[in-house]
Amino acid sequence: MKSVPLKAFPRTQTRRGQVKQLRSSGRVPATIYGRQAKPQNLEISGREISDLIHHHLSENLLVDLSIENDARAKRLALVQEVQHHPIDGKVLHVDFHEVAENEKVTVQVPVETIGEAAGVKNSGGVLEHVLFKLKVRCLPKDLPEQITVDVTALEINKTIHIGEITAPAGVEIIGNKKLPVVSVTPPRAEEEVAPTAEAKAAGDVEMTKEKKEDGTEGEAKAGEKAPAKAEAKAEKGAEKKAEAKPEAKAEKKK
C-alpha cells in the first residue's frame with residue numbers, strides 16, 4: 001500500500017473548551033501511538049484528513065506524518081481509529097498507530113468477490129458472503145487495500161475457505177484455514193404453507209369482529225354458533241321460569 005503525506009502539528013490544547021475551539025477553527029485533534037516513542041497529541045487539518053478518508057478505497061490508510069519541529073522528518077503511521085460526529089459526520093478525532101517500515105503489521109482487510117459464480121449463473125443459486133474481512137500480516141508497504149476472491153468457477157453447494165485463497169505477494173492470511181469465506185447455496189423455494197385449522201379458525205374469528213352501534217365490541221355470526229348458544233340459554237331460562245311459577249302459585253293456595 002502506498003503511503004500518503006499528511007502534515008501535523010504538536011497540540012497543547014487538551015481541555016474540553018480548548019478542543020472545541022480547535023475544531024471550530026477547522027483543526028482536528030489527533031494522537032499518535034507507537035513502540036518507538038511516547039504517545040503525542042497532535043492537530044491536523046480537518047479538510048485534509050476528511051478528503052483522505054473519503055477518497056481512499058480501503059479501510060486501512062497509511063500516512064507519512066510530517067510533524068512540525070519533530071526530530072524525525074517523517075513518521076509512518078496507520079490510521080487506527082476515526083471518531084465522527086453522529087449527526088453531520090465530521091471528523092472529531094483521529095488515532096494514528098506508528099509503524100516501522102521493516103516490521104510486519106497485523107490488520108483486518110476487506111474481502112471482495114470478482115466474477116459471477118457458475119452456481120448462480122447456471123443453477124439459480126445464491127452467493128453467500130460469509131466473511132467480509134480477513135486478518136493479514138505483512139510489511140506496511142505490502143499491505144493490500146483488499147483481498148479479492150474469484151468466484152467464477154464456484155458451483156452450487158460449493159465453498160471457498162480461507163486456506164483456498166491465494167494471498168498477494170508478501171502477505172500472509174491468518175486464521176483457521178477451514179473457515180468458509182464465500183459459498184453458493186441452492187435457490188430458496190418459495191413454499192406456500194397452508195394455514196392450520198386452528199390458525200384458520202382464529203383468523204375467522206378475528207375477521208368477523210365488528211363494532212356494535214352503541215360502540216361496544218362484539219362478535220358477528222360465525223357459522224350461527226354464537227346465536228345458537230344464546231338461544232339455548234334463553235330457552236332454558238324460560239323453562240325454569242315456567243316451572244317455578246306453578247309451584248309458587250300452589251304454595252300460595254295452601
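A: Begin with the term. A pocket is an open set of grid points where a 1.4 Å probe fits, with protein on both sides within 12 Å along at least five of seven lines. The model here is predicted. Its largest pocket holds about 370 Å³ of space.

Q: Which residues lie closest to the centre of the largest pocket?

A: Lining residues have an atom within 4 Å of a point. The largest pocket has 16 of them, and E59, N60, V79, Q80 and E81 are the closest to its centre. Two elements, β5 (75–84) and β7 (105–114), each give two or more residues to this lining. The largest share, six residues, comes from β5.

Q: What lines the second largest pocket?

A: That pocket holds about 220 Å³ of space. Its lining consists of R23, G26, R27, V28, G46, S50, H85, D88, K90, V91 and L92. Two or more residues come from each of β2 (27–33), α2 (46–55) and β6 (91–98). By class, the lining has three nonpolar, four polar and four charged residues.

Q: How many helices and strands does the protein have, and what share of its residues is buried?

A: There are five helices and 15 strands. Buried means under 20% relative accessible area; of the 254 residues, 28% are buried. The protein exposes about 17,800 Å², with carbon and sulfur atoms supplying 50% of that area.

Terms used:
Residues are numbered from 1 along each chain as its sequence is written. This is a predicted model: local features need pLDDT of at least 70, side-chain atom pairs count only at pLDDT 80 or more; totals for chains, interfaces and linings use all residues. Side-chain values use heavy atoms; hydrogens and water are left out. On a 1 Å grid over the protein atoms alone, a cavity is a set of points where a 1.4 Å probe fits but cannot get out, and a pocket is an open set with protein on both sides within 12 Å along at least five of seven lines; lining residues have an atom within 4 Å of a point. Grid points are joined across faces, edges and corners, and a volume is the space filled by probe spheres set on the points. Helices (H or I, at least four residues) and strands (E, at least two) are DSSP runs, numbered from the N terminus. Ala, Val, Leu, Ile, Met, Phe, Trp, Tyr, Cys and Pro count as nonpolar, Asp, Glu, Lys and Arg as charged, and the others, Gly among them, as polar. Buried means under 20% relative accessible area, exposed over 50%, partly exposed in between (1.4 Å probe, protein chains only). Accessible areas come from the Shrake-Rupley method with a 1.4 Å probe; for residues, only the protein chains shown count as cover.
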